[in-house]
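Colleague: I'd like to go through this one with you. Can we start with the charged pairs?

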Amino acid sequence: MRIILVDGKGRERELEAIEGWRVMEIIRDHGFPIVAECGGACACGTCQVEVDPQWAAKLHEPRGDELDMLDQNYGGEWSRLSCQLIMTPELDGLRVRLADVAIRKAA
Amino acid sequence: MTQEAISTDVVIIGAGPCGLFAVFELGLLDMKCHLVDILDKPGGQCAELYPEKPIYDIPALPVVSGHELTERLMEQAAPFSPEYHYNEMVEELEKLEDGRFRVKTDGGLVFEAKVVVIAAGGGSFQPKKPPIPGIDAYEGQSVFYSVKRMENFRNKKVLISGGGDSALDWTINLQPVAQSMQLIHRRDGFRAAPDSVNKMHALVEEGKMQFHLGQITALHGDNGQLTGVTAKGNDGSDYEIECDTLLPFFGLTMKLGPIANWGLNLHENLIPVDTGKFQSSEPGIFAIGDINTYPGKLKLILSGFHEAALMAQAAFKYANPDAKVTFQYTTSSTSLQKKLGVA
Ligand SMILES: Cc1cc2nc3c(=O)[nH]c(=O)nc-3n(C[C@H](O)[C@H](O)[C@H](O)COP(=O)(O)OP(=O)(O)OC[C@H]3O[C@@H](n4cnc5c(N)ncnc54)[C@H](O)[C@@H]3O)c2cc1C
Ligand code: FES
């Protein structure tokens, strides 16, 4: 199982994914500088990704608190919080792009 | 604006859970505390980021919400009559010749304290800026992240962006003074009190304001004065909105802020401390909670509580080098119970 991550510079990487893990955790544990400040509590919005439109329909609808966080972080039509997306076999090959707010900048 | 300095034992910077519990531990040692926070309420992250979410790892409280934990900490600190100063950002911290510390806020408050406790968590809460190109050039002149005086918006063509309580409350409150009022939000749902949402819809129906679906993508104007914005609708099409004032309300985020300028050693935006006193590189300035770092540090509330207890002992000894501290339990010490108002 894998996901395809597009980073801030437009580069694509294939990341090994594990069923039941959050997409945020997969990105983070591969060592990408994702902010994900609240650690997946759906309370910061800094794990935002843009989902490839072809994949969007395969995802569950965002819940209220995810929508709230997307509101606060200038989400667009295809934006989701990667900490709210759990890997399942149906999502094998999922393509996401890291949003600007999710990319950790050097201090 | 200069004001007379408030003289006290301790100034605590940050009224999050760790700052609040420090009041209790310092209070048992007769040290009087003033707390300063940029937020308009106590509780730090627990109050601002997750008031309704359950916390499961506070010892002896199997489940407690961020809001309830804050209330209980306030109750526990109350016997020591701490003084709270909200909506104030600590900007300056300097050591005086007599060994005390002077603390200054952006609102003009000045404190002189024997010790300072930095319990600033992830830093001070500040408004999130929307990622619209060139917005900096308008800030302070025609783009504002808060409303200090409603009068400043009289006869303005105001555009508010956002879908939370602040966005809706200010839409409703400023509508009568503004020349025109428009609200833009990326979806037709809001995370605000239903009553405010209904009021906003009613104003739209009465023709007193406009609501747009979409997201601002560009600002137009000259020399910091806004004349309008371009927005992208959910169908992907662009449209223009005329306005001379923009108020973006996208919640708050934590930024280290002025702490970086106080001459303390920092490591990746955290204050390194020792684990016996939780003291910074400057004797008399202590750091507890999420803002500090040491080998094995965990950013947990329970760790911050432990840090507060040890810090209080060290702070007392720093402020009273000749006094003897006797270790006492609250269960059995009459003198501690008197301080708590229960004996
Ligand atoms: C979604 C979420 C869930 C969490 N869940 C848990 C959990 O289950 N268990 C747990 O133990 N921890 C949890 N945490 C972490 C916990 O909230 C923090 O460890 C805790 O809030 C730290 O407390 P603090 O007092 O150090 O700082 P904070 O709570 O960050 O408070 C610091 C305060 O200082 C103020 N401040 C900073 N600088 C200045 C300045 N210059 N002037 C004025 N004011 C200033 C800030 O505005 C803020 O109010 C969670 C955090 C989040 C975001
Ligand atoms: S990690 Fe904070 S919302 Fe996803």
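Modeller: B:Glu83 has a relative accessibility of 35%, which counts as partly exposed. Buried is under 20%, exposed over 50%, partly exposed in between (1.4 Å probe, protein chains only). This is a predicted model: local features need pLDDT of at least 70, side-chain atom pairs need 80 or more, and totals for chains, interfaces and linings use all residues. Residues are numbered from 1 along each chain as written, chains are lettered from A and ligands numbered from 1 in written order, and side-chain values use heavy atoms, without hydrogens or water.

Colleague: Which side chain does B:Glu83 meet in a salt bridge?

Modeller: That of B:Lys32, at 3.2 Å from N to O. The rule wants a Lys or Arg side-chain nitrogen within 4 Å of an Asp or Glu carboxyl oxygen. B:Lys32 is partly exposed too, at 29% relative accessible area.

Colleague: And what parts does that pair tie together?

Modeller: B:Lys32 is in the loop between α1 (17-28) and β2 (33-36) of chain B, while B:Glu83 is in strand β5 (residues 83-85), so the bridge links parts 51 residues apart in sequence. Helices (H or I, at least four residues) and strands (E, at least two) are DSSP runs, numbered from the N terminus.

Colleague: Is B:Thr8 buried or exposed?

Modeller: Buried, with 8% relative accessible area. B:Thr8 sits in strand β1 (residues 6-13) of chain B.

Colleague: Back to salt bridges. How many over all chains?

Modeller: The rule counts 32. One joins B:Lys41 and B:Glu48, with the closest N and O atoms 2.8 Å apart. Both ends are partly exposed: B:Lys41 at 28%, B:Glu48 at 24%. Another pairs B:Lys232 with B:Asp238 at 3.6 Å, N to O. B:Lys232 is partly exposed at 38%, whereas B:Asp238 is exposed at 52%.

Colleague: Which residues do shared partners join into one network?

Modeller: B:Glu94, B:Asp98, B:Arg100, B:Arg102 and B:Glu112.

Colleague: New topic. What's in the largest nonpolar core?

Modeller: It has 62 residues. A core here is a set of buried Ala, Val, Leu, Ile, Met, Phe, Trp, Tyr and Cys joined through side-chain atoms within 4.5 Å. B:Ile12, B:Leu26, B:Ile118, B:Ile288 and B:Met311 have the most contacts inside it. Helix α6 (residues 301-319) of chain B gives the largest share, 9 residues.

Colleague: What does B:Leu26 touch?

Modeller: Beyond residues up to four places away in sequence, its contacts include B:Val10, B:Ile12, B:Met31, B:Cys33 and B:Met311. A second, separate core has 29 residues, among them A:Met24, A:Cys42, A:Trp55 and A:Leu81.

Colleague: Now the interface. How many residues of chain A are in contact with chain B?

Modeller: 17 from chain A, against 19 from chain B. The buried area is about 1,500 Å², 44% of it from carbon and sulfur atoms. That is accessible area (1.4 Å probe) lost when two parts are put together, summed over both. A:Asp71, A:Gln72 and A:Tyr74 supply 53% of what chain A buries against chain B, more than any other three residues.

Colleague: How many salt bridges go across?

Modeller: The rule finds 4 between chain A and chain B. B:Lys53 and A:Asp65 form a salt bridge at 3.8 Å, N to O.

Methods
Contact = heavy atoms within 4.5 Å.
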